[in-house]
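Please open the model in the viewer and keep the sequence panel beside it. The stops below each begin with a selection and then state what is found there.

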Amino acid sequence: MRVISFVNKKGGAGKSTSVCALALYWVERARKRVAVQDMELDGGSSSFVEHIGHPNLAHYEDGDTYDYVLIDTQGGASDAELAEVERSSDLVVIPLLLAPLDVAKAVETAAKLHRPERARLLLNQTRANTTAWRDRARVLDAVPVAPLESHLTRRTAYANLLVDGWSALSREALTELEALAWEVS
Ligand SMILES: Nc1ncnc2c1ncn2[C@@H]1O[C@H](COP(=O)(O)OP(=O)(O)O)[C@@H](O)[C@H]1O
Ligand SMILES: [Mg+2]
């Protein structure tokens with residue numbers, strides 16, 4: 001069982017989107033058993049589990065075993081909550097957008113980690129040929145956590161999968177998710 005948590009003190013970074021997209025990928029494509037633990041009261045990922053209704057996708061229950069447990073944290077998580085999540089995770093993923101305020105929050109989040117070597121940055125909503133994308137090396141240098149090689153571009157598929165599930169995913173989105181799933185597994 002591999003536990004992966006998604007943290008960033010900033011809301012809107014893509015924590016819930018990454019959790020739902022990976023969960024969908026693993027249950028549909030790889031036939032894995034996946035549990036989602038949503039730390040946000042009534043957060044998007046727990047409603048997603050209900051909405052999708054897939055036999056291999058569940059809310060996390062203590063004592064049950066799964067291939068993957070994905071922990072979706074809330075933007076305003078306290079330092080104590082983050083520490084607790086980090087303790088129970090094999091890998092901590094910090095999704096972030098390439099915008100100044102987002103980078104500052106990711107730096108703040110990364111600085112709270114006790115074992116940054118077990119964490120990775122996930123660039124989200126990237127768009128090629130933007131200044132931010134060209135400057136990403138400088139941005140990544142600022143955050144004391146190594147980046148994943150894969151990243152998620154901005155796609156309506158990712159926003160739509162919360163409602164439409166698997167059918168929302170285009171071939172390009174699937175290719176990105178496959179790379180991400182492979183890298184974090
Ligand atoms: N790669 C992406 N492409 C398009 N929309 C995205 C992407 N990532 C996130 N979004 C959208 O951005 C918003 C915030 O994302 P969300 O995953 O809820 O962030 P968080 O859980 O970190 O607060 C949502 O409306 C989501 O649909
Ligand atoms: Mg969220």
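Select E176 first: at 13% relative accessibility this residue is buried, where buried means under 20% relative accessible area, exposed over 50%, and partly exposed in between (1.4 Å probe, protein chains only). Helices (H or I, at least four residues) and strands (E, at least two) are DSSP runs, numbered from the N terminus.

A note on what is displayed: this is a predicted model, in which local features need pLDDT of at least 70 and side-chain atom pairs count only at pLDDT 80 or more, while totals for chains, interfaces and linings use all residues. Residues are numbered from 1 along each chain as its sequence is written, chains are lettered from A and ligands numbered from 1 in the order in which they are written, and side-chain values use heavy atoms, with hydrogens and water left out.

**Helix α8**

Colour A173, L174, E176, L177, L180, A181 and V184, which are buried. Viewed down the axis of α8, these buried residues fall within an arc of 160°, so they line one face of the helix; the arc is that of the directions from the helix axis to the C-beta atoms. An α-helix has 3.6 residues a turn, so residues three or four places apart point the same way. R171 and W182, on the other side of α8, are exposed. Show next what the buried residues of α8 pack against: β1, α1, β5 (91-96), β6 (119-123) and α7. Contact here means heavy atoms within 4.5 Å.

**Ligand 1**

Return to R155 and display ligand 1. A polar backbone atom of R155 is 3.0 Å from a nitrogen atom of the ligand, and a polar backbone atom of T153 is 2.9 Å from a nitrogen atom of ligand 1. Which residues come nearest to ligand 1? Of the 14 residues around it, they are G12, K15, S16, T17 and N124, a residue being near if one of its heavy atoms lies within 4 Å. From T17, a polar side-chain atom lies 2.5 Å from an oxygen atom of ligand 1.

**T126**

Select T126, in the loop between β6 and α5 (131-134). T126 is buried, at 4% relative accessibility. Its side chain makes a polar contact of 3.0 Å with the side chain of H151. A polar contact is a pair of N or O atoms within 3.5 Å; within protein, one must be able to donate a hydrogen and the other to accept it, and residues adjacent in sequence count only if both atoms are side-chain atoms. Leaving aside neighbours within four places in sequence, T126 is in contact with L98, W133, H151, L152, T153 and R154.

Move to N8, in the loop between β1 and α1. N8 is buried, with a relative accessible area of 2%, and a polar atom of its side chain lies 2.7 Å from the backbone oxygen of P95.

Step on to K9, which is buried at 17% relative accessible area. Its side chain meets that of D79 in a salt bridge (2.9 Å, N to O). D79 lies in helix α3 (residues 79-87) and K9 in the loop between β1 (2-6) and α1 (15-28), so the pair ties together parts that are 70 residues apart in sequence. D79 is partly exposed, with a relative accessible area of 39%. A search of the whole structure finds seven salt bridges.

**Helix α3**

Finally, select α3, where L82, A83, V85 and E86 are buried. They cover an arc of only 165° around the axis, which puts them on the same side of α3. A80 and R87, on the other side of α3, are exposed. The cover over the buried residues includes β1, β4 (68-72), β5 and α4 (100-112).

Terms used:
Salt bridge = Lys/Arg side-chain N within 4 Å of Asp/Glu carboxyl O.
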